[in-house]
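This report describes a structure for a reader who is new to the subject. Please keep the sequence and the model in view while reading.

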Amino acid sequence: MEALRKRFLTIYETKFFSIAPPNEIVELYNELKAYLKVVDPALSQTDYMSLMHMLFDLCIYNGKDIEAQVIYKTLEDRFGDNSPYLHVMQATMMQVNENDVTAEKYLQELLDRVLEYDTDILDYLLVSKKLLSIRKRSLSREKYISELLNLSEKFPLDGETWTALATEYLEAGQLDRAAFCLEEVLCIAPFNYICFAQLGEVLYYKALRDKKGKKDVLQDSLNNFLRSVELSETYLKGWAFVAKITGILDGKKALHSLAKKKLEEINQNSDSHDHMIAKIILDKL
Amino acid sequence: MSFLFVQSFLYVWKYKLLICQELQDFEPTSIKRRFIPNNPMELASLWATAGIGSAGAAVELTLDPRFKYWVLLPISVVMILIGVLRQDIMMNLNLKVKTGPRNKITEQQYMGKTQALIANGTNLKFESFRDRQEYLSQVLASGKYVAKKAGGDDAETTGNPLTDPNMSDAMMGMAKGNLANYIPQTLIMWWVNHFFAGFVLMKLPFPLTIKFKEMLQSGILTADLDPRWVSAISWYFISVVGLNPVYNLLFGNQDVDAMGMLQQQQQQLESMPGAPAADGVMKNLANDLAIAQHESCFDKIEQRVLKLYA
């Protein structure tokens, strides 16, 4: 029971379900529903509510609209309608039951008339992000980036906004700006090894594209990858890029052979997904 | 919980009446029967102790075992129940989420960002750190992100705390928190003092020096009694200080942590009476940032990784 509880709470905290493949989402939905039916005595009230929130999202992903509505109403009865997460849930239910325009109008009015003058530390930010996610499809990239920049100016400590900006800049080919946004994330989350690797990757692409100062940029990129593997020993992407970059730069033989050794270890000891990728990388090196 | 409290109170009251009744039927023989041991071995021990007593040690007492069940246990149980009740009250008092205008949060976020840059700037290369250092120092010193009131004045001009709703809320919050602590403690202290004044409850199983007499024998005016004997009011004081681990066990750490985090987040919005003005804090932070030294985590990273894994 404890292992199950920890697993679900970790999935909730990392929001893994939002990027999981469809079959895993269905599986997770069924497992979570069964777990919440069996009363776990060690599950605190706060954690229970968090898992209910995750079940709501999973219901939406699985097309279980009526069940999602029931969960929303249950949480609304418990917390009232003036709560950050419930504002977002209500907008989601509007998207499901009515359309995006209604949800967008509701969120915009909430921001302008209420939250600009009276908000807690979460409410304005969550509602703004939900509004942006709905608008994203209808906005041009420039306009979307401009909206994200506005939000990051109001909430400079929100890592998600900076990561979204970095992704947009990367897709637009503006690598320096993407690197700047990732550096902002590293100031907020200093042990985020994935972000170190993302920054290293952006710098690697920059080095490939711009011939000027190629070696220095590659060295910066290598430094970021090395920091990522220093924080996480089994991080496949980190070791792969370390092996690749040390193969290009001169005088990095010791690091190159270390990276290859680590890739071999990952190839032998990891799950099927990492095993497959490590094998392909080793073949290419 | 209230039912348990009332029940224990009634039991203790009943016992108090019994004791009063016994005191009314006071006879020297009944006192002897209560304090002088029946067992010949204990009697020998008593004589031995009395012999040493002339050299400064106290006479051994024998307590009625009913003291444990009718005084020691009720005081402990009531203290724990009051602690649980107090925790519930504090949770309910703190449930109100602190809110404020959005620009106030932005102001707090920029202060947090500066602190984050000072603390985590090691994750950046020198050029990136320097660019941010220059920009943030300039922005903070100019007061660009200091929250403005609707009228356009600076929000942080010192006002009358009694007319500002945010400040009076903060003061009421502090007052309610203090009252939730003081009122139950005062009531229990009165209860213990009223019903169990002068009671000797137990003997500690380890020797103590004479200095502990004041702590452990409050309300008992006997100069010769061994410091190991504990009075009722002293047991109350010990319980006040020593029950925190029991509360941690009862309430668990997760909820406390969650509440702590929530309060920490909310604290950013609270403007306590007498707190320094935001523009002053920002200027101080700008100075701190301007003189911050940069040391990068990338220095000697290759050697570190080789040493760690090779």
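## Overall make-up

Helices (H or I, at least four residues) and strands (E, at least two) are DSSP runs, numbered from the N terminus. By this definition, chain A has 15 helices and zero strands, while chain B has 13 helices and two strands. The model is predicted: local features need pLDDT of at least 70 and side-chain atom pairs count only at pLDDT 80 or more, whereas totals for chains, interfaces and linings use all residues. Residues are numbered from 1 along each chain as its sequence is written, and chains are lettered from A and ligands numbered from 1 in the order in which they are written.

The C-alpha atoms of chain A fill a box of roughly 65 × 45 × 25 Å along the principal axes. A residue is buried if 20 or more other C-beta atoms lie within 10 Å of its own, exposed if 12 or fewer, and partly exposed in between, with C-beta atoms placed from the backbone. Of the 285 residues in chain A, 35% are buried; of the 310 residues in chain B, 18% are buried.

## Contacts within each chain

Two residues are in contact if their C-beta atoms, placed from the backbone, lie within 7 Å. In chain A, 43% of the contacts between residues at least 6 apart in sequence join residues at least 24 apart. In chain B, residues 24 or more positions apart account for 76% of the contacts with a separation of 6 or more.

R7(A) is located in helix α1 (residues 2–14) of chain A. This residue is classed as partly exposed because 14 other C-beta atoms lie within 10 Å. The C-alpha atoms of R7(A) and G238(A) are separated by 25 Å, and the two residues are 231 apart along the chain.

## Nonpolar cores

A nonpolar core is a set of buried Ala, Val, Leu, Ile, Met, Phe, Trp, Tyr and Cys residues joined through C-beta atoms within 7 Å. The largest such core has 86 residues, and L182(A), W239(A) and V242(A) have the most contacts inside it. Helix α11 (residues 193–209) of chain A gives the most to this core, namely nine residues. A second, separate core of 17 residues includes V71(B), V78(B), M79(B) and L216(B).

Beyond its neighbours within four places in sequence, W239(A) is in contact with V229(A), A259(A), K262(A), L263(A) and I266(A).

## A pair of helices

Helix α14 (residues 253–269) and helix α15 (residues 272–284) of chain A pack at an angle of about 145°, with their axes 7 Å apart. Axes are lines fitted to C-alpha atoms, for helices over the stretch in contact, and angles run from 0 to 180 degrees between N-to-C directions. On the α14(A) side, L263(A), E264(A), I266(A) and N267(A) take part; they meet residues of α15(A) including D274(A), A278(A) and L282(A).

## Where the chains meet

In the contact between the chains, 30 residues of chain A touch 36 residues of chain B. Helices α10 (175–188), α12 (214–231) and α14 of chain A each supply at least two residues of the side of chain A that touches chain B. The largest share of that side, six residues, comes from α12(A).
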